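Here is a short tour of the model on your screen.

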Amino acid sequence: MYGLFSSKRAALEAMRVLADQHRLCYGVIGLEKLSPNKPCFRFMLRQCAGACCGQEERAAHNARLQTSLQSIQVQCWPFPGAIALVERYNDEVQMHVIAQWCYLGSVLEPRDGQALARQAAGFDADGYKILCRPILGGQAEIIPLW
Ligand SMILES: [Zn+2]
């Protein structure tokens, strides 16, 4: 899964940006229709490496596409179960229980988080956007709850 875009238009714009950065063909990746036996317009501008007209191997084009998509790939939940994200402020400690990027609630003790962790968690796009960096960044204090 790639992106998390607010609209189809935003997703298409992200694909255009990737195509421009990596000289991918708009036609081959489905952003434009290709005319049979004709290179795309961007090939003539040297913005497409030529996968549309045989100037570039499709395999090489597709490998660049896969590489470029990694930059917008949604990260899988990296834990076998729920976690508590520990927040400390002076002497106060709060633990935010999270599973599958979904915030389930806050508790004061890890054992209280176990009950919350048993709730079914679906994927939460807003949670993902907020939590991805602190959880994957390796600087947050995390307690596994599984
Ligand atoms: Zn092209």
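Let's start at one side chain: leaving aside neighbours within four places in sequence, leucine 104 is in contact with Ala82, Val97, Ile98, Ala99, Leu116, Ala117, Gln119 and Ala121. Two residues are in contact here if their C-beta atoms, placed from the backbone, lie within 7 Å. Please keep in mind that this is a predicted model, in which local features need pLDDT of at least 70 and side-chain atom pairs count only at pLDDT 80 or more, while totals for chains, interfaces and linings use all residues. Residues are numbered from 1 along each chain as its sequence is written.

**Cores**

- Leu104 is among the residues with the most contacts inside the largest nonpolar core, together with Ala82, Val97, Ile98, Ala99 and Ala117; this core has 14 residues.
- A nonpolar core is a set of buried Ala, Val, Leu, Ile, Met, Phe, Trp, Tyr and Cys residues joined through C-beta atoms within 7 Å.
- At least two residues of this core come from each of β1 (83–89), β2 (92–99), β3 (102–107) and α4 (110–117).
- With four residues, β2 gives the largest share of this core.
- There is also a second, separate core, with 11 residues that include Met15, Cys40, Phe43 and Cys52.
- Buried residues make up 21% of the 146 residues of the protein chain. A residue is buried if 20 or more other C-beta atoms (placed from the backbone) lie within 10 Å of its own, exposed if 12 or fewer do, and partly exposed in between.

**Overall layout**

- The protein chain has five helices and four strands, in the order α-α-α-β-β-β-α-α-β from the N terminus. Helices (H or I, at least four residues) and strands (E, at least two) are DSSP runs, numbered from the N terminus.
- The radius of gyration of the protein chain is 22 Å, whereas a compact globule of 146 residues would have one near 15 Å. That radius is taken over C-alpha atoms, and the globule rule is 2.2 Å times the number of residues to the power 0.38.
- Along its principal axes, the C-alpha trace spans about 65 × 25 × 25 Å.
- Domain 1 covers 8–72 and domain 2 covers 83–144, with bounds from an automatic or database domain assignment. Their C-alpha centres lie 40 Å apart.
- Of the contacts between residues at least 6 apart in sequence, 43% join residues at least 24 apart.

**Helices and what follows them**

- Helix α1 (residues 8–22) has 15 residues and should span 21 Å at 1.5 Å a residue, which agrees with the 21 Å between its end C-alpha atoms. The expected span is 1.5 Å times one less than the number of residues.
- Just after α1, arginine 23 has a positive phi of about 55°.
- Helix α5 (residues 125–136), with 12 residues, should span 16 Å, and its end C-alpha atoms are 16 Å apart.
- Glycine 138 follows α5 and has a positive phi, near 80°.

- Valine 86 lies in strand β1 and is partly exposed, because 14 other C-beta atoms are within 10 Å.
- Leaving aside neighbours within four places in sequence, valine 86 is in contact with Val93, Met95, Glu141 and Ile143.
- Valine 86 and leucine 34 are 52 residues apart in sequence and 53 Å apart in space, C-alpha to C-alpha.
- Leucine 69 sits in helix α3 (residues 58–69) and counts as partly exposed, with 16 C-beta neighbours inside 10 Å.
- Leucine 69 and tyrosine 2 are 67 residues apart in sequence, with 7.2 Å between them in space, C-alpha to C-alpha.
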